[in-house]
Amino acid sequence: MFTETLAMPLAIAFSPTGEYLASGDLNSEVRLWRVEDGENVLVGKGHGGWVWSIAFSPDGKWLASGSEDRTVKLWDLNTGSCYKTLEGHPSPIWCVAFSPDGQLLASSSEDWTVKLWNVHTGHCLTTLKGHQNWVRSVAFCPASPVTGRGATLASAGDDKTIKLWDLKTGRCYRTLSGHGDRVWAIAFSPNGQFLASGSSDQTVRIWHIKTGECLRIMQGHASWVRSIAFSADGQSVISGSEDRTIRLWDWQTGTCRQILSGHTSWVRSVAIHPNTSSIASGSGDHTIKLWDGDGHCCRTLTGFTNRVWAIAPLSHGKSPDSQLASSHDDHCIRLWNLRTGQCEQTLRGHTNAVCTLAVSPTASLLASGSADCTIKLWNEQGHCLATMRDHLSRVWSVAFSPDGEWLASSSDDQTVKLWQVATRRCYQTLRGHTSWVCAVAFSPVSSPRAEMLLASGGYDQQVKLWNGMTGECLQTLEGHTNWVWTVAFSPDGQTLASGSGDHTIKLWHVETGACHKTLQGHSSRIWAIAFSPNGQWLASASTDQTVRLWEVKTGNCFQILRGHTNVVTSVVFSSDGYVVSSSQDETMKLWDVQTGDCLNTLKADRPYEGMNITGTTGLTEAQKTSLRALGAIDD
């Protein structure tokens, strides 16, 4: 059984001595692991969003974490408490880094800036402006001690550039250009003379700091390079990629010396042990792996997490026994009775988180898409009828056509695929998005523009309209300033709604492509939207932990549903006329539309549900915290 919870790790880092490994995760938590035995010795709670980055102070006493909630937190590792919260960025924070002397902290954000903070006072000393898009990574040059506000800082982001800053003047003195796509990660060599960068263009580049020259372009990864690190001796570069591998490069020759395989999802973060050749990697498969100097995986840190990614009503017509399907991080799909609140069946077969669900018009088939890159079709008895495998990466969204004969799917592999349900074969691959395709939806009615009209939304901030039969992109709708997570057609097919990371929902005329209304009110990303069956209302789910109900005609928000304690990932209208939402707090809630009251909360049992650990000896506080999170009772 599991002895701890562990959400998807988004960031990892070794302590300066290598004794500990820290992780920041999708569950808004910071964790500290003892490397020797893999024991979780600290759990830091307090962030209100995903923890994208963590960094140890040079003396190992403090840990900094940067989060989706737009804050940086400084943690005292002796007590495990947060002793300071740094606020100032108006957008999510992607990276944090300590200066070599530990006096300064840098943070980079989606607000296109880098901020420098005084670690002791928590005051923001300066804001570095110059990037023309999100800033994904930041790193201090270790070549010389930082005194006051001197030395060099590097930053990189979605504008495809790396900038070098003179911290004495606060000015960018050099811009390194050459990558063909966003730059996710940068790292200085130990002597500070070189910089490594990893990009969505699938390459690793080595730059000479003094001249700005690109010395080496290393190719081999089959997808985005999300993380990068130099070895302690500066001779090797390690990269982690969406292609699920870690590569070890001899950067002076540009050759790949070794490929580490074992993760079953993208590698988000890599770290090098400061005193050995050991490597740590964090992945979308919800594990952290430790690799020895020979490239063998010597330990895997894993745990239980059961966030709900998607929900879908299973019944048509009003029924007191309406069923709901839910998809989870634990690779399962659960079928619920909304009247009793009981889970009636669990469907197993996927080998990674199940990200999306769709029900056929007759409710005879359920489709599921997963981070294991597959789509599965299930019948009413819960038997898996088929597994479709053409996608090369995570499947984010699936949708049935109005007649139930076709299934559309979208993926991290930048494509939309159209499947013939009867044959389970891929009929058409729609290409045009330049990044992850997060959402896909069919128009419920025929359109003069296309007999089978589809909409898709992606990480490239675009909404696209497609002719499903020909594969032609009919129109690209632009206006969002952040990724588009969700799209939905109104029941009459005349309006398309899109929800975005820019905190807004846009309503578009399908025939003209014009945006006729922008709904504002959420304070964070929009994850899901759904029209009511009569088309009068729109429900939206957000990272701000709320569901909002809008009047489509006026654009007014008439109800805010509060009660979830984490990101709200999905929202639907049930056949009974209620609203149902799901969240990363592992619950689903049934809401009364008119009153805003929560009528019921559904939650799957956890591994230690109801176990009483009162008086149990030999457990650390971190272990007790994890056991409580897994359902144990401690009176």
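In the predicted model, strand 25 and strand 26 form a hairpin, with 6 residues lying between them. The two strands, at residues 267–272 and 279–283 respectively, pair in the antiparallel sense over 5 bridges, and within this pairing Ala271 has Ala280 of strand 26 as its bridge partner. Because 6 of the 6 residues of strand 25 are buried, this strand is largely enclosed by the rest of the structure.

Antiparallel pairing is also found in an open sheet of 4 strands, for which the order is 41-42-43-44. Strand 41 (437–442) and strand 44 (473–477) stand at the edges of this sheet and have a single partner strand each, so that one side of each is left without a neighbour in the sheet. On average, and with direction ignored, neighbouring strands of the sheet are turned by 20 degrees against each other. Strand 41 is joined to strand 42 (residues 453–458) by 5 bridges, and Ala441 stands opposite Ala455 in strand 42.

Turning to the aromatic side chains, a search of the whole structure finds 21 aromatic pairs. One of these involves Trp309 and Trp527, whose ring centres are 5.9 Å apart and whose planes are at 50 degrees, so the pair is tilted. The pair links distant parts of the chain, as Trp309 belongs to strand 29 (residues 308–313) and Trp527 to strand 49 (residues 526–531), 218 residues apart; both Trp309 and Trp527 are buried. Tryptophan rings are also approached by arginine: the charged end of Arg182 sits over the ring of Trp224, 5.4 Å from its centre, while that of Arg394 sits over the ring of Trp396, 5.1 Å from its centre.

Note on methods: Residues numbered from 1 in each chain as written. Predicted model: local features only at pLDDT ≥ 70, side-chain atom pairs only at ≥ 80, totals over all residues. Heavy atoms only, no water. Pairing = 2+ DSSP bridges. Axes fitted to C-alpha atoms, helices over the stretch in contact; angles between N-to-C directions. Buried < 20%, exposed > 50% of the residue type's maximum accessible area, 1.4 Å probe, protein only. Phe/Tyr/Trp six-rings, centres within 6.5 Å; stacked < 30°, edge-to-face > 60°. Lys NZ or Arg CZ within 6 Å of the ring centre and 35° of its normal.
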